[in-house]
Amino acid sequence: MKINLGVRLFLSYLLVIVVAVVVLAVAAQFALPGAYGRHLSMMEGMPASGEGMWTGMGGGRGQGQAAGDGNGLFSSFRTSFNEALVWAGLVTVLVALCVSFFVSRRLSSPIHAMTLASQRISEGHYDERVRSTGNDEVGHLASSFNRMAEKLEQTESMRRQLIGDVSHELRTPLTAIRGSMEGLIDGILPANIETFTQIHQEANRLSRLVDDLQELSRVEAGAFQMDLKPVPVSGVVDFAVKRFSRSFKSRGVTLTSDILTDLPLIMADEDRLGQVLLNLVGNALQYTPQGGKVTIHAEIHDHEMYVSVADTGVGIPGKFLPYIFDRFYRVDKSRSRQTGGGSGIGLTIAMHLIEAHGGRLWAESEGENRGSTFTFTIPLASG
Ligand code: ADP
């Protein structure tokens with residue numbers, strides 16, 4: 001059986017009233033006769049005989065005329081007392097009815113509003129909010145309900161944007177592959193090594209994108225193991241330098257690192273940190289023209305190691321700097337694609353990995369063609 005809040009409140013008030021009336025009546029039954037008799041005898045100079053009075057007129061104890069008058073008086077007093085008790089009970093029940101009505105309205109109307117809002121949200125109306133009034137528990141519940149709705153709205157819009165971005169990123173290489181294949185079938189494109197290389201490049205781009213997406217979903221969900229242990233930063237940097245030395249040589253860009261071997265150990269997952277450094281150094285190479293320079297540097301500030309990758313490349317205009325860590329963000333999409341760039345996911349992954357180490361990652365640039373510096377912090381193993 002469904003009993004609403006107002007009825008429950010009223011029943012609880014009623015219970016309290018009934019208990020109070022019963023206690024009062026029982027107390028009166030035992031205490032009133034004695035008290036009444038005492039007061040009367042004090043007034044008339046008679047011995048107290050209250051209990052006899054309470055038991056009724058002519059209580060069989062052989063009291064005199066005065067006692068008989070006293071009994072009549074007490075009986076009237078008792079009747080008036082009972083009458084007053086009935087009236088008091090009725091008025092209190094009425095007050096309880098009104099109070100329970102107002103209190104239940106005050107409590108149930110925001111709860112009702114939240115029930116309706118949650119139903120609307122579950123139907124996909126993520127912009128639904130409730131009015132948060134008062135500084136009590138119900139007000140706090142309404143505010144946290146609104147915060148939850150806001151978070152849901154953000155998640156939903158990120159989900160929509162992600163689907164849009166992923167389909168857009170998939171469409172470009174797929175269209176290129178389909179166009180080339182149709183050209184080959186129709187005989188418009190020559191079946192030579194160049195055509196096949198082009199198709200192969202687009203297929204590679206597709207598979208890189210799928211790998212990046214998989215990695216992105218893993219790091220965004222925090223679904224990866226971190227094997228944190230004290231490691232020398234020089235080891236991680238050397239690994240990146242060795243890995244890229246040939247590519248740098250062939251592109252005519254100088255790569256130097258001024259990492260000292262006696263720097264204190266950092267608390268890091270070597271593989272994950274290596275992945276971040278490969279991304280930053282790879283980007284530096286990609287966006288630095290021939291004759292440029294890329295430098296890896298490390299220094300210590302306040303129990304943290306600051307590692308920076310600075311290049312003398314194309315730079316990043318200030319207005320784009322806040323967005324480059326957003327997923328799928330590329331400053332110049334066409335340039336990024338022509339130079340064999342990725343899909344704008346690398347820095348997002350790097351940011352998540354650095355944050356998982358308890359560090360920060362940021363970018364600085366003086367502007368277009370004035371180079372960029374990417375810096376991350378990692379806690380020292382000695383804490
Ligand atoms: P991508 O795979 O496209 O390089 P990232 O997430 O690694 O994606 O980088 C996002 C964007 O930030 C790049 O498209 C590029 O526009 C910009 N960027 C990253 N590193 C550099 C750099 N060293 N110099 C200039 N621009 C950079």
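View 1. A polar backbone atom of Val331 is 3.0 Å from an oxygen atom of the ligand. A polar backbone atom of Leu347 lies 2.8 Å from an oxygen atom of the ligand. Taken alone, the ligand exposes 530 Å², and the protein buries 97% of that. Such areas come from the Shrake-Rupley method with a 1.4 Å probe; for residues, only the protein chains shown count as cover.

Residues are numbered from 1 along each chain as its sequence is written. Local features of this predicted model need pLDDT of at least 70, side-chain atom pairs count only at pLDDT 80 or more, and totals for chains, interfaces and linings use all residues, while side-chain values use heavy atoms, with hydrogens and water left out.

**View 2. The shell around the ligand**. How many residues surround the ligand? There are 21, and the closest are Asn283, Asp311, Val331, Gly344 and Leu347. Helix 7 (270-286), helix 9 (346-356) and strand 7 (372-379) each give two or more residues to the shell. Helix 7 gives the most, with three. Helices (H or I, at least four residues) and strands (E, at least two) are DSSP runs, numbered from the N terminus. By class, the shell has ten nonpolar, nine polar and two charged residues. Ala, Val, Leu, Ile, Met, Phe, Trp, Tyr, Cys and Pro count as nonpolar; Asp, Glu, Lys and Arg count as charged; the others, Gly among them, count as polar.

**View 3. Leu277 in the largest nonpolar core**. This core has 51 residues. Ile266, Leu277 and Phe376 touch the most other members. A nonpolar core is a set of buried Ala, Val, Leu, Ile, Met, Phe, Trp, Tyr and Cys residues joined through side-chain atoms within 4.5 Å. Buried means under 20% relative accessible area, exposed over 50%, and partly exposed in between (1.4 Å probe, protein chains only). Helix 7 supplies the largest share of the core, eight residues. Leaving aside neighbours within four places in sequence, Leu277 is in contact with Val236, Val237, Ala240, Val307, Val309 and Phe376. Contact means heavy atoms within 4.5 Å.

**View 4. Thr288 in a loop**. The loop runs between helix 7 and strand 4 (293-301). Is Thr288 buried or exposed? Thr288 is buried, because its relative accessible area is 3%. The Thr288 side chain reaches the backbone oxygen of Ala284 at 2.5 Å. Leaving aside neighbours within four places in sequence, Thr288 is in contact with Val253, Lys293, Val294, Asp311, Thr312 and Gly313.

**View 5. Helix 9 and its cover**. Leu347, Thr348, Ile349, Ala350, Met351, Leu353 and Ile354 are buried in helix 9. Their cover includes helix 5 (193-220), helix 7, strand 6 (361-365) and strand 7. Just after helix 9, Gly358 takes a positive phi of about 85°.

Methods. Near = heavy atom within 4 Å. Polar contact = N/O pair within 3.5 Å; in protein donor to acceptor, adjacent residues only side chain to side chain.
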